[in-house]
Amino acid sequence: MSNAPMIRRRVDPRAERAARIVLTGQRPRLLRQPVAIAATNERRRDPRAVRDAALVQRQPRPRYDWARDAASAGTVPTVGVAVAATPVIPLRVIAEPAYLVLAMLDRSGGEVSEHDRQVIAAARLLADAGGGAVVTLATGSGEALAEAGSDRHVALPEGWADEYVPERRAAAASVLMAALSPRHILFPDSPDGADIARRVAAAAGERLFTSVQSLSPDRATRQSAGGSLETGHRPTRLMTVAADAFAPLDGVRHEARPLDLATPAIAGEEVLPRLGGARRLAVDPDALALSETDFILSAGNGVTDWQGFAELGEALGATRAGSRVVCDAGHLPRERQVGASGTVVSARCYLAFGIAGAPQHLQGITGVKHVIAINTDLHAEMIKRADLSIVADAQDVMPALIRLIRERRHA
């Protein structure tokens, strides 16, 4: 046996794989079954053409209505123009209610607030459960309350909204309790509404269930101080409704028929002794928390005239605030920052000067009712969010607003 070493040639795996492919042929293919062709030689249909034809038949091309513009110009509209009919909300009339639910409203400033609408919505839950009707008690007429869900309305004198006289409203509520015998009386859980509710409860000697979060004919629920839910097995006669607990009604219209009750307490005559010199005290707007104020004047990176910004806030009586850039620069304190990383506000009006509209800032004004933006960039996100926009420099708009306010005050 030879002791010579064996020399083994190295095999290339890629060459072997290539050789196997040559010997065995290409990789197997999936053979399709032969398809029988019809003798009629029918042309293949394009499914997209069929779909487009169906859309043309089912969805006619939209036509714009120029009738209103033509009528305003004194010309006759073109024949054939499609006029979109305005949807009519049907009127719901409850002629003979089985019972009544009374809603005492604040209606501060002569306007129906969101909290007032929420109180009416809560009253509708109790009234609609058994064929009842909602009676509202507030200053002014009930025309604005018809779309909020009011079936009957008792108008209080207009002067009651100008001064703080809770004795009058409490006396009027007590008179209605005796005259109408409502099954439930709801108050807004606001500083004025809660004060009147406690006065009525003390005069009637009945239990008051406050800060209701959820409501049904069989159960009323509120949140306790510890965060847990405290449940009343049945709703009491007197209750206060917490803010943002009930969604206001939309797409409804009720009668809001006026009720004329000629009683001294509702006619405005003095029936109870009142405190002497009671009035609303003037409050510095900048002393209010951003989460509690209704009018916010906010500044962004586009504001450079901070003296004019302070004068405008004083002239408007608005609470000053700012974006994160402004607070980081030290122009406003940190507690005045609006946004997801600052304070989430729910003011009635938000006047934004020079704010571009970062996502975290827009998250902070989600609950704002009206937004007015002043910015030089037409395509800024704050301009898109605003209900009213002024495309101009903030340094030009602020002194113009100050002059206008002073002129109107002197006039």
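How many cavities of 30 Å³ or more does the structure hold? The exercises below concern a predicted model, and the worked solutions begin with this question.

**Exercise 1. Count the cavities, then describe the lining of the second largest cavity.**

Solution. Rolling a probe the size of a water molecule over the atoms shows where empty space is left. Step one is the count: the structure holds two cavities of 30 Å³ or more. Step two is the volume, and for the second largest cavity this comes to about 40 Å³ of space. Step three is to name the residues around that space, which are Met104, Leu105, Asp106, Arg169, Phe187, Pro188, Gly193 and Ile196. Step four is to ask which elements contribute, and here strand S4 (184-188) and H6 each supply at least two residues of the lining. Step five sorts the lining by class, giving five nonpolar, one polar and two charged residues.

**Exercise 2. Work out how helix H5 (residues 166-180) and helix H6 (residues 191-204) are oriented to each other, and find the residues in contact.**

Solution. Begin with the axes, which come within 9 Å of each other and cross at roughly 50 degrees. The crossing in which H5 passes H6 is right-handed. On the H5 side the contact is made by Pro166, Glu167, Arg169, Ala170, Ala173 and Met177, while H6 brings Asp195, Ile196, Arg199, Val200 and Ala204. Sorted by class, this contact has seven nonpolar, no polar and four charged residues.

**Exercise 3. Describe the second largest pocket and decide which element gives the most to its lining.**

Solution. First take the volume, which is about 210 Å³ of space. Next consider the lining of 13 residues, of which Leu316, Leu351, Leu401, Leu404 and Ile405 lie nearest the centre of the pocket. Strand S12 (349-353), strand S13 (370-375), strand S14 (388-391) and helix H12 (394-410) each supply at least two lining residues, and H12 gives the most, with four. Finally, sort the lining by class: twelve residues are nonpolar, none is polar and one is charged. Leu316, Leu401 and Ile405, which are among the residues nearest the pocket centre, also take part in the contact of H8 with H12.

Note on methods:
Residues numbered from 1 in each chain as written. Predicted model: local features only at pLDDT ≥ 70, side-chain atom pairs only at ≥ 80, totals over all residues. Heavy atoms only, no water. 1 Å grid on protein atoms, 1.4 Å probe; cavity = no way out; pocket = protein on both sides within 12 Å on 5 of 7 lines; lining within 4 Å. Points joined across faces, edges and corners; volume = space filled by probe spheres on them. Nonpolar A, V, L, I, M, F, W, Y, C, P; charged D, E, K, R; others polar. Contact = heavy atoms within 4.5 Å. Axes fitted to C-alpha atoms, helices over the stretch in contact; angles between N-to-C directions. Left-handed = near helix turned anticlockwise from the far one by under 90°.
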